[in-house]
Amino acid sequence: MKRKRSRERKNPVNASTISGDANRTSDASLKDNEKTAHVETIMLPHQDPQCRKEELNVALGVVKKVMSMEVAEPFNVPVNPIMLGITDYFDVIDTPMDFGTIQRNLENGAKYMNADDVFRDVQYIWKNCYKYNKPGNPILELVDQVKEKFTMFWNAAGLYGGEKQTKGQVSSSTRMGTRGPTGYTRLLGLRPGERIVTKWNENGEVIQQERGKRLTSYLGMLVRCQRNALLQVKDWSKVPDEAKEKLWGLVLEKFDIDDEHKDFVMNSMGNKYRSYKCNLKVKYYDPYGTDEERLLNCPPNVPQDDWRWLVHYWGTPEAQLQARSKINKANRSKYVLRHTSGSKSHAEIQYEQALMRKDGKAPSKQEMFVLTHTRKDGTPVDNASRDIMTQFEELSAQQAGKSPTKADKLFTEVMNRHGHVQGFGLGQTRFKASVRTLVKEFAFVKEQLASMNQQREKQRKELEEMALQKHRMQEEMQEWMEEQLMKMKDEMMQEFQQYIH
């Protein structure tokens, strides 16, 4: 019996199991079980009978799913204050937390008893981010996106502690086939003082943007953050100048941009701001018939006060009867063609194609349309694009040997778009293109005049040099003649003297 007790002490966790397997009912075995009862106080969580292992496995699946998203990258690893230049982080944050730590705790079973314990640690991720970062920091938009996704996955898994979505609420993240807001964690992971150098074409459009560090997409992320661009205004023109300058400053923190490109940046942000508000209206306002329903279905990441203001404004006669909105709606209905360029702008595609060509020339309007409306297998992206390409072929056959200007005019008629330069996206309006053409022509004329002035200056200097050489020649000739005359005079005097004597 003593030998059995020594074995049980060597393996106290399994002592009750050994006793049960022996099927002994003696008083000695009962005493042995009582002696080993204290092991419950030193059991790991996953060994506790009350531990909900299946629930924790489901929670682990949710955590892994969230960690696989690009937008969650900053929250998958512990914060490194040294690398990020935030040395006071641990002075502000008492309980650091990240998804990677939670995943390890779930996998080794060293901490959690149930899903509530996991959910409690996850909340520290949001709380720490909100507590340390100041309003307007793009990381706050990322944490809102991750929180929304986590809550959706958590509720869908049937776990406890999540913030369940309001009944009937429309969420873009629940729709199949949608990518959701862009996170651009690579930009947010730049070291303090590190900036991305941008490259621009002759039309003032940004080109050669690296994946994950795209300026245009970063601008959209900035204006979607209500701490940067206010929503309680009628349109972008009513956004205070202070807010716009703040946005410009945030852009300069990540990108090295000259002031001459500020107009492009601000116009791009204005377009993205309008698109963002338009999408809010289409997804969360128009589907509902009453303001009560709309207020109950506030979009994710939009404060209730801002949403209440937007719902009220969109219901006013001023907003409903805006002629500009009707015109824009009519114009948008014409844009039925799909494209395959993705997030790349036409300026980037033109630049890349020019680099690939031996002559270095940018694609024509027709070539640009084919490039941006053809799948990888070489087929048109839709029937409408196929019809237009067919017309292009017929147009090319008809215009064989004719002037490019005439062909471009017919190309415009085929496209049937008025207001933007056909084949080069929506970034260049006719007015802008005309202005740029005039600017180029003026620069060319100015260059020609400068060249002519240089030629005239060169000729003037040449004439001055010729005149100087002529003057020198005249002086030299006069000196030579005088010398010759003196020489002749001396010779004649010598001959005369000889004749006298």
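How far apart in helix 15 are Arg308 and Asp305? They are three residues apart, so about one helical turn separates them. Helix 15 spans residues 304–314.

## About the model

This is a predicted model, in which local features need pLDDT of at least 70, side-chain atom pairs count only at pLDDT 80 or more, and totals for chains, interfaces and linings use all residues. Residues are numbered from 1 along each chain as its sequence is written, and side-chain values use heavy atoms, with hydrogens and water left out.

## Overall build

The protein has 22 helices and four strands. Helices (H or I, at least four residues) and strands (E, at least two) are DSSP runs, numbered from the N terminus. Of the 501 residues, 35% are buried. Buried means under 20% relative accessible area, exposed means over 50%, and partly exposed lies in between (1.4 Å probe, protein chains only).

The protein exposes about 32300 Å². Carbon and sulfur atoms supply 53% of that area. Accessible areas come from the Shrake-Rupley method with a 1.4 Å probe; for residues, only the protein chains shown count as cover.

## Salt bridges

The structure holds 10 salt bridges. Each one is a side-chain nitrogen of Lys or Arg within 4 Å of a carboxyl oxygen of Asp or Glu. One of them joins Arg308 and Asp305, at 3.0 Å from N to O. Arg308 is partly exposed, because its relative accessibility is 43%.

Helix 8 holds another pair, Arg120 and Asp117, three residues apart. Their closest N and O atoms are 3.0 Å apart. Arg120 is partly exposed at 47%, whereas Asp117 is buried at 18%.

Lys111 and Asp121 also meet in a salt bridge, 2.7 Å from N to O. Lys111 sits in the loop between helix 7 (99–108) and helix 8 (115–132), and Asp121 lies in helix 8. Asp121 counts as buried, because its relative accessibility is 6%. Elsewhere, Glu457, Arg460 and Glu464 form a network of salt bridges.

## Surface patches

Patches are made of residues with over 30% relative accessible area and no salt bridge; like charges are joined within 9 Å, nonpolar side chains (Val, Leu, Ile, Met, Phe, Trp, Tyr) within 5 Å. Phe444, Val445, Leu449 and Met452 form a nonpolar one, with about 390 Å² of accessible area together. Val445 lies in helix 22.

Glu475, Glu476, Glu479, Glu482 and Glu483 form a negative patch. Lys and Arg count as positive, Asp and Glu as negative; His and the chain ends are not counted. A charge is placed at NZ of Lys, CZ of Arg, CG of Asp or CD of Glu. Glu479 is in helix 22, residues 430–500.
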